[in-house]
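User: I'd like to learn how to read a protein model feature by feature. Could you walk me through one?

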Amino acid sequence: MKNILTFLTLTVVLLTAGCHASPTNAPATDTTMKFPVQKTDAEWHKQLNPEQYRVLREAGTERAFTGKYWDTHEPGVYRCAACGEILFKSSTKFDSGCGWPSFYDLADQKKVIIREDNSLGMERKEVLCAHCGGHLGHVFDDGPQPTGLRYCINSASLNFDKVDDTDKTVVGTNAPNGGNPKK
Ligand SMILES: [Zn+2]
């Protein structure tokens with residue numbers, strides 16, 4: 001009897017796990033993906049400017065060399081323009097020559113979701129914000145060491161916050177709480 005119960009419990013656990021499809025297999029417009037930040041289309045339209053909306057919510061791509069951060073070299077952090085999460089650090093930004101901000105690593109591995117993107121007849125890996133599901137860009141395996149990765153990210157998906165060199169605190173105002181670290 002105990003064995004049967006164990007078996008049933010296991011089956012339930014496995015079935016439940018199977019219900020949560022991996023986000024990496026879902027299409028870009030799949031609304032069943034559950035991110036901590038959930039907003040309606042109308043709310044995103046209100047919060048984001050048209051270019052940010054096109055990139056973040058419709059997986060658009062800004063034209064190369066037109067974004068505000070492709071040539072930024074100052075020390076600081078790059079936040080998701082939609083939800084304020086810190087996604088990248090200036091210490092891992094490098095000049096890729098591609099015309100988009102490029103990073104060889106993430107601020108934290110848990111901050112983004114990578115999924116297959118076979119649109120436009122290409123096999124690419126799409127980078128999404130794990131907090132709000134916003135489209136950030138793509139990751140390629142032709143980056144510099146130590147990771148060998150190149151996160152090619154749209155400026156429109158990012159907000160840059162400078163770091164004060166003297167005390168190393170972030171002094172920008174792009175955080176959801178207005179950049180006040182005490183909150
Ligand atoms: Zn986000």
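Analyst: Happy to; we will go from confidence to layout, sheets, core and backbone details. This is a predicted model, where local features need pLDDT of at least 70 and side-chain atom pairs count only at pLDDT 80 or more, while totals for chains, interfaces and linings use all residues. Residues are numbered from 1 along each chain as its sequence is written.

User: What is the mean pLDDT of the protein chain?

Analyst: pLDDT is the predictor's confidence in each residue, from 0 to 100. For the protein chain the mean is 83, with 77% of its residues at 70 or more. Where pLDDT is low, the predicted coordinates should not be read in detail. Here, pLDDT stays under 50 over residues 6-29. The model has eleven contacts beyond four places in sequence for that stretch, a contact being two residues whose C-beta atoms, placed from the backbone, lie within 7 Å.

User: How many helices and strands does the protein chain have?

Analyst: Both are DSSP runs numbered from the N terminus: helices are H or I with at least four residues, strands are E with at least two. The protein chain has three helices and nine strands, and from the N terminus on its elements run α-α-α-β-β-β-β-β-β-β-β-β.

User: In which order do the three strands of an open sheet stand?

Analyst: Strands of a sheet pair through backbone hydrogen bonds, either parallel or antiparallel. Two strands count as paired if DSSP finds at least two bridges between them. In this open sheet the order is β2-β1-β9, with antiparallel pairing. β2 (86-89) and β9 (158-162) each have a single partner strand, so one side of each lacks a neighbour in the sheet. Strand β1 (residues 76-80) is joined to β9 by five bridges, and Arg79 has Asn159 in β9 as its bridge partner.

User: And which strands are at the edges of the six-stranded sheet?

Analyst: That open sheet is antiparallel and has the order β3-β4-β8-β7-β6-β5. Its edge strands are β3 (93-94) and β5 (112-117), each pairing on one side only.

User: Which residues of the largest nonpolar core touch the most other members?

Analyst: In soluble globular proteins, nonpolar side chains tend to be buried together. A nonpolar core is a set of buried Ala, Val, Leu, Ile, Met, Phe, Trp, Tyr and Cys residues joined through C-beta atoms within 7 Å. Buried means that 20 or more other C-beta atoms lie within 10 Å of a residue's own, exposed means 12 or fewer, and partly exposed is in between; C-beta atoms are placed from the backbone. The largest core has 31 residues, and Ala82, Val112, Cys129 and Ile153 touch the most other members. Elements that each supply at least two of its residues include α3 (50-56), β6 (124-129) and β8 (150-153). Beyond four places in sequence, the contacts of Ile153 include Trp100, Phe103, Val127 and Leu158.

User: Where is Phe65 found, and is Phe65 buried or exposed?

Analyst: Phe65 sits in the loop between α3 and β1. Its phi is near 65 degrees, a positive value in a residue other than glycine. Phe65 counts as exposed because it has 11 C-beta neighbours inside 10 Å. Leu120, in the loop between β5 and β6, has a positive phi of about 60 degrees although it is not a glycine. With 7 C-beta neighbours inside 10 Å, Leu120 counts as exposed.

User: Which residues does a cis peptide bond join?

Analyst: Look at Gln145 and Pro146, where omega is about 15 degrees. Pro146 belongs to the loop between β7 and β8.
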